[in-house]
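Me: I would like to learn how to read a ligand shell and the sheet beside it. Could you take me through one example?

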Amino acid sequence: MAQKQQTANSEPEPVIKITHLSKSFGNIEALLNVSLEIYAGEILAIVGDNGAGKSTLSKLLSGALTPDNGQIMVGDKSYSSMTPGKAISLGISTVYQDLALVDCRDVVSNIFLGREPVYAGFLVDKRRMQKEAAQVLQDLQINIPSLHTPVGLLSGGQRQGVAVARAVFQGGKVIIFDEPTAAMGLQESAKVIKLLLKLREGGLAVVVISHNLHQVFKISDRICVMRHGQVAAICETKYSSPKEIVGLIMGAAAGV
Ligand SMILES: Nc1ncnc2c1ncn2[C@@H]1O[C@H](COP(=O)(O)OP(=O)(O)OP(=O)(O)O)[C@@H](O)[C@H]1O
Ligand SMILES: [Mg+2]
C-alpha cells in the first residue's frame, strides 16, 4: 500500500511529477502530452499495447531520450530533460527492457558499470567492488553462484537479478522496471516479484512496465494505461479489474 509522503496539510507529495511530456520520432508521436505522478511506497504499473509509448516514457525519465516538450519535476525542482547521470544523481534508476548489461564482463563489473570506486586516485578498488556487490545481491536474495561469471553465461533470471542489483546499488528513490519478468520462468518471475515488493516495503517508488495483467493486479497499487502515446486512464488497482484494463488498452471509454 502506498505510504505517500505527507505535507503539512496532509496532501501526498509525488516523488516525480511529469507534466505534458511529448516525444516524436520523425512523424511517429511516441508520447503525446503525458502527465503522471509517481509516489514513494507504491508500485505503479504502466500497461499498454506494443508501441503504446511505455519504454519511451521510461527512457525520458532515465535520460536515455530527450523530450520535445514537457517537464519532469523531481522533488521541488523542474527539468525539461534528463541525462543518464542527472537521473541517477536525482535518484531515478532504470532497469531497461533489454537489461543493458555488458555480456562479456562479470557480475561485479556489471553492478558497478561506470561507477567503479578508485583508490590512490586512479586504481580500481576491486576488493571493495567484490564485497559491496556480494552484499547488495545478498540483501536482495539474488543467488548467483560466482560473481566472476561473465553475465552472458547467466540464465535470464540471473541476468535480471544483476540488472536489478545494479539499479538498487545506484541507490535512489524511484526504480523503473521495463518488462522485468518477460521471458522468465515461473520461479524466476516469482523471485523478481518478491524483490519489487521488498523495494516498495523499503519506501521506494517502483514503476513496473508490464504486459502481464495477472502480475500487475497481484502487486500494483495503481495502473496507468497508455494507448497511442497517451495516458488513457489511471486506475487504483483495488477498484479496477483486468476486464476494465483490457478494455482501456484496446480503446474503450476512459475509466478513472
Ligand atoms: N528510437 C526510435 N526511433 C523511431 N521510433 C521509435 C524509437 N523508439 C520508439 N519508437 C516508436 O515509438 C513508439 C513507442 O515505442 P515504445 O518502445 O515506447 O513502445 P512500448 O509501449 O514500450 O512497446 P512494447 O510493449 O512493444 O515494448 C513505437 O511506435 C515505436 O516504434
Ligand atoms: Mg517497451
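Me: Which elements each supply at least two residues of the shell around ligand 1?

Reply: This is a predicted model. To read a shell, list the residues around the ligand, then assign them to elements. Here E4 and H1 each supply at least two residues of the shell around ligand 1. H1 gives the most, with three residues.

Me: How many residues surround ligand 1, and which are the closest?

Reply: A residue counts here if its C-beta atom, placed from the backbone, lies within 6 Å of the ligand. Twelve residues surround ligand 1, the closest being Phe25, Ala30, Asn50, Ser55 and Thr56.

Me: What does the shell around ligand 1 have by class?

Reply: Sort the shell by residue class. For ligand 1 that gives seven polar residues, four nonpolar and one charged.

Me: In what order do the strands of the open sheet stand?

Reply: The order is E4-E3-E6-E7, four strands with antiparallel pairing. Strand E4 (28-38) and strand E7 (77-79) each have a single partner strand, so one side of each is left without a neighbour in the sheet. On average, neighbouring strands are turned by 25° against each other, direction ignored.

Me: How many bridges pair strand E3 with strand E6?

Reply: Strand E3 (residues 16-25) pairs with strand E6 (residues 69-74) over five bridges, in the antiparallel sense. Within this pair, Thr19 has Gln71 in E6 as its bridge partner.

Me: Which strands does helix H1 touch?

Reply: Look for contacts, then for the angle. Helix H1 (residues 54-62) packs on the sheet and touches E3, E4 and E6. The direction of H1 makes about 65° with that of E4.

How values were computed
Residues are numbered from 1 along each chain as its sequence is written. Chains are lettered from A and ligands numbered from 1 in the order in which they are written. This is a predicted model: local features need pLDDT of at least 70, side-chain atom pairs count only at pLDDT 80 or more; totals for chains, interfaces and linings use all residues. Two strands pair if DSSP finds at least two bridges between them. Axes are lines fitted to C-alpha atoms, for helices over the stretch in contact, and angles run from 0 to 180 degrees between N-to-C directions. Two residues are in contact if their C-beta atoms, placed from the backbone, lie within 7 Å. Ala, Val, Leu, Ile, Met, Phe, Trp, Tyr, Cys and Pro count as nonpolar, Asp, Glu, Lys and Arg as charged, and the others, Gly among them, as polar.
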